[in-house]
Amino acid sequence: MEDWSWPLHGIRLRTTDLDLRVMTEADLPGLCALLPDDLSMNPHATTYAGLDDRANRRAVLVQGYWRALGLWSPDDWALPFVVRSGGDVVGAQWLEGPDWRADHAVDSSSWLVPAARGRGLGKQMRAAVLALAFGPLRAEAAISSAVVDNASSLGVSRALGYRDTHRSVLEHSGEALQHVRLTRAAWLASDHARGIGIEGVTPALPLFGIVDPT
């Protein structure tokens, strides 16, 4: 294992078709070039008058990365992964613990380039970060949400065992948002972690507030 000055960058996840590594500064230009035009931006993210839509999307990605690792705390963290298939970057997967030491629940978000969609990769990349969350990080639950007509995102969630909890309304658009939740017991009773490789987590555990890895 390489010697990492920031141990989060040593975390690596593998599935049948994918390799996930924690995002670095060097990954940002390539990711910016691949951002899908249909990617929904965080409505609370900073945008800039004078920049077109695509430039603002790039700004949201870059600032999101800087905030995630620059403001890291065991109580509130966000871990971004670059997703590769056959050596090519195909998307990004985020795992977040917004109130981690209070509830040990994780959230997630992701995107794939259009050419990589419809091949089951979205399910694999979500399963990879869930294996990390429910395995070495000892999460108690995972939550997610998507607008009700986002069949692909909700399909991934339900295929991995999430159950519908409630709906809300997005203030900026008025769209209905479906919320889902996956319990630790349901994850452990499934076989979704089978074949997923996890490397380099132990040196990073103190950053998640885990001081006893046993």
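This is a predicted model: local features need pLDDT of at least 70, side-chain atom pairs count only at pLDDT 80 or more; totals for chains, interfaces and linings use all residues.
Helix H4, spanning residues 121-134, and helix H5, spanning residues 151-159, approach each other with their axes within 10 Å and cross at roughly 50°. H4 is therefore oblique to H5, and the crossing of the two helices is right-handed. On the H4 side, the contact is formed by Gly 122, Lys 123 and Arg 126, which meet Ser 153, Val 156, Ser 157 and Ala 159 of H5. By residue class, this contact between H4 and H5 comprises 3 polar, 2 nonpolar and 2 charged residues.

The largest nonpolar core contains 61 residues, and the most contacts inside this core are made by Ile 11, Leu 79, Leu 137 and Phe 208. Helix H4 gives the most to the core, contributing 10 residues. When residues up to four places away in sequence are not counted, Phe 208 touches Ile 11, Leu 79 and Leu 137, together with Leu 8, Trp 72, Pro 74, Trp 77 and Trp 100.

Pro 7 lies in the segment before strand E1, which covers residues 12-14. The relative accessible area of Pro 7 is 16%; because this value is under 20%, the residue counts as buried. Although Pro 7 and Val 201 are 194 residues apart along the chain, their C-alpha atoms are separated by 8.0 Å. Pro 7 also touches Gly 200, Pro 203, Ala 204 and Leu 207, again not counting residues up to four places away in sequence.

Conventions
Residues are numbered from 1 along each chain as its sequence is written. Side-chain values use heavy atoms; hydrogens and water are left out. Axes are lines fitted to C-alpha atoms, for helices over the stretch in contact, and angles run from 0 to 180 degrees between N-to-C directions. Helices (H or I, at least four residues) and strands (E, at least two) are DSSP runs, numbered from the N terminus. Angles under 35 degrees count as roughly parallel, over 145 as roughly antiparallel, 65 to 115 as roughly perpendicular and the rest as oblique. A crossing is left-handed if the near helix is turned anticlockwise from the far one by less than a right angle, and right-handed if clockwise. Contact means heavy atoms within 4.5 Å. Ala, Val, Leu, Ile, Met, Phe, Trp, Tyr, Cys and Pro count as nonpolar, Asp, Glu, Lys and Arg as charged, and the others, Gly among them, as polar. A nonpolar core is a set of buried Ala, Val, Leu, Ile, Met, Phe, Trp, Tyr and Cys residues joined through side-chain atoms within 4.5 Å. Buried means under 20% relative accessible area, exposed over 50%, partly exposed in between (1.4 Å probe, protein chains only).
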